[in-house]
Amino acid sequence: MNSTLNKTTVGFGIASVVVIILNTVLTITKELYPPLLTYMKSISILGVKHHWLFHGLSIVVLFCISGWIFSKKEFGVTDSSLSKTIAWTTILSSLGIFIFFLIELFK
């Protein structure tokens, strides 16, 4: 049985799908484009310079902002379709990162 979710749940569910995809793209892009990685390493967060700190903070901020924006709209998404979309996005993005690093390992 599918039920209709409230706008906040749907908004942040859609935001999670968007952020998972962007996280995958950013992870692969910064490995393929050294100037981006160097720039991310140069930014200090709480006195620590590491690209994963900037990466993680960017993703969390983007999730919060996009979730808030998407929560203002009506999508009419069911709990079943939203959970399946989040699960498949996570699986495919994880597989994409795994394959990318596997290819990089054997270069």
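**Reading helix α4 and the chain around it**

User: How many helices and strands are in the chain?

Analyst: The chain has four helices and two strands. This is a predicted model. Read from the N terminus, the order of elements is α-α-β-β-α-α.

User: What does the radius of gyration say about the overall form of the chain?

Analyst: Compare it with the value for a compact globule. For 107 residues that would be near 13 Å, but this chain has 16 Å. The box around the C-alpha atoms, along the principal axes, is roughly 45 × 35 × 15 Å. Of the 107 residues, 24% are buried.

User: How does the span of helix α4 check out?

Analyst: Count 1.5 Å a residue. Helix α4 covers residues 79-105, 27 residues, so it should span 39 Å. Its end C-alpha atoms are 39 Å apart, which agrees.

User: Which residues of α4 are buried, and what do they pack against?

Analyst: Start with the general idea. An α-helix has 3.6 residues a turn, so residues three or four places apart point the same way. In α4 the buried residues are L82, T89, S93 and F100. They pack against α1 (7-32).

User: Why does T89 count as buried?

Analyst: Buried means under 20% relative accessible area, and T89 has 12%. Leaving out residues up to four places away in sequence, T89 touches V17, I20 and I21.

User: Which residues form the nonpolar patch on the surface?

Analyst: The patch consists of W88, I91, L92, L95, F98, I99, L102, I103, L105 and F106. Together they have about 1100 Å² of accessible area. One of them, I103, sits in helix α4.

Methods
Residues numbered from 1 in each chain as written. Predicted model: local features only at pLDDT ≥ 70, side-chain atom pairs only at ≥ 80, totals over all residues. Heavy atoms only, no water. Expected span 1.5 Å × (residues − 1). Buried < 20%, exposed > 50% of the residue type's maximum accessible area, 1.4 Å probe, protein only. Contact = heavy atoms within 4.5 Å. Patch = residues over 30% accessible without salt bridge, like charges linked within 9 Å, V, L, I, M, F, W, Y side chains within 5 Å. Areas by Shrake-Rupley, 256 points an atom, 1.4 Å probe, with all protein chains shown as cover. Salt bridge = Lys/Arg side-chain N within 4 Å of Asp/Glu carboxyl O. Rg over C-alpha atoms; globule rule 2.2 N^0.38 Å.
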